[in-house]
Amino acid sequence: MIETEKLQPAAREIATQRCIESSCGARFEINERLYVCPKCGGLLDVSLEAKARINPQELRETWTSRLTSFDPRDRSGVWRYRELLPFGADAPIVTLAEGNTPLYDAPVSADYCRLGALTLKHQGCNPTGSFKDTGMTAAVTQAVILGARTVVCASTGNTAASLAAYAARARLRCAILVPRGQVSHAKLAQSLDYGAAVLELEGNFDDAMRVIRELAEDESIYLVNSINPFRIEGQKTVAAELLHQREWSVPDHVVMPGGNLGNSSAFGKGFKELKDLGLIDRLPRLSVVQADGAAPFASLFGSDSEMLTPIEHPQTLATAIKIGAPVSWKKALRAVLESGGSVLSVSEQEIADAKAIIGRDGVGCEPASATTVAGIKRLVADGVIETDADVVAVLTGHILKDTDYAINYHQDKLYTHDRAADKTKEERRIAGTFSNPPQRVKATKAAILEGLQRHEGASR
Ligand SMILES: [Zn+2]
């Protein structure tokens, strides 16, 4: 095996935090406990210089050799690619063997999109059921390096579940802060099991944000919010794992859901760094799909404006991307534009149908993930994606994250939360185009065979 240390002696020493604003560009030491640029408030990027010294062929061989290793770092689909990460060889890695997610052929979904072939990269197959784990392993490792005793986030969704799990692994205290009355029970169950303190705040979202800023001043507390640059670092390794699984053949298009846009930023950064290192010779076109009711990034992309206009009351049943003011939009826009991709939004009906179609490929995902197949169908119809293109859709969450949605869809009981006064319940109903409701049958062989026949007739 080739020694990592020979390839890159001190990743940590050459890493810095850099402000992404071109008018600022300030640099800070990698161990400074920062959340945004202290000079201008801009987002921070981790940058690794001197990577050009790495030989791409040696790197490919090293990464492949690690697939047969039992070293916990090599078993992780994030730390296997540690030459890309801003950590030293002696970093106290906090891992749950994240990453290693499958790349599935999806012929039913391909047909639905009128594509020759389509593959699904299922990030929902991570330890806590969402893509957040690939970032959290890096952020919680950084928290340990900084000597934090408590990690904090404000979320009840996938982020909270993931942070709670990694904090438990690292034996750190974990606080999940949520405004009262906004606790989402499905994903909360995970945080409770992982032992996090779930604190319902009296007050609104602004109060929660103010408290978090105050907490962040405490040295023993590390804030793991969505702009945390170390999360982006962990998530960017998924680009490397994807290409490694494809033996370094670059897809024409990579399509992903867009909520807070951290993941799109991470993929964009990952692909760009792989290209800079000489591991690939071109970038895949990176496209982002939002839900119509929560699509500030798609609106920005379709306009002449240079600034994103937040949406005050985002509406979508795809709760993982129900975000009106995505914090990472500048990084994501940079990634989409550099790669020649696009941004669009799809309806609740399109999301629900695409999710059921993905299910027919034997792959279960949460609603937000299905925006990808819905978006690809649209992009193929519009001629943006050619029918023989090589396309990868990134699924971000597991179906078990939101079973109510699936059950309601298959029983024709799925309704949007659109509170517009002029909409009747019937107008808010999402049609179960590909529904597959359970049947009640007598306990006889004949009744069961009849039920099977009826089912077969219905699913044609
Ligand atoms: Zn700055």
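Q: How many bridges join S1 to S2?

A: Helices (H or I, at least four residues) and strands (E, at least two) are DSSP runs, numbered from the N terminus. Two strands pair if DSSP finds at least two bridges between them. Here three bridges join S1 to S2, and the two strands run antiparallel. Within S2, Glu29 is the bridge partner of Thr16. This is a predicted model, in which local features need pLDDT of at least 70 and side-chain atom pairs count only at pLDDT 80 or more, while totals for chains, interfaces and linings use all residues. Residues are numbered from 1 along each chain as its sequence is written, and side-chain values use heavy atoms, with hydrogens and water left out.

Q: In which sense do S1 and S3 pair?

A: S1 and S3 pair in the antiparallel sense, over five bridges. Cys19 has Leu44 as its bridge partner in S3.

Q: Which residues are the protein donors of the zinc ion?

A: Donors are N, O and S atoms within 2.8 Å of the metal (3.2 Å for Na, K and Ca); water is not among the atoms, so sites may look incomplete. The SG atoms of Cys19, Cys24, Cys37 and Cys40 are the protein donors here, lying 2.3 Å from the zinc ion. Their spacing in sequence is C-x4-C-x12-C-x2-C. Cys19 belongs to strand S1 (residues 15-19) and Cys40 to the loop between strand S2 (27-29) and strand S3 (44-48), so the pair ties together parts that are 21 residues apart in sequence.

Q: Why is the arrangement tetrahedral?

A: Four donors count as tetrahedral if all angles lie between 85 and 135 degrees. The arrangement is tetrahedral because the four donor atoms around the zinc ion subtend angles of 98 to 114°.

Q: Is Cys19 buried or exposed?

A: Buried means under 20% relative accessible area, exposed over 50%, partly exposed in between (1.4 Å probe, protein chains only). Cys19 counts as buried, at 4% relative accessibility, whereas Cys40 is partly exposed with a relative accessible area of 41%. S1 is mostly covered, with four of its five residues buried.

Q: In what order do the four strands of the open sheet lie?

A: The order is S8-S7-S6-S9, with parallel pairing. Strand S8 (197-201) and strand S9 (221-223) are the edge strands, each pairing on one side only. Strand S6 (residues 150-153) is joined to strand S7 (residues 173-179) by four bridges, and Val152 stands opposite Ala175 in S7.

Methods
Four donors count as tetrahedral if all angles lie between 85 and 135 degrees; four count as square planar and six as octahedral if opposite donors are over 155 degrees apart and all others between 65 and 115; anything else is irregular.
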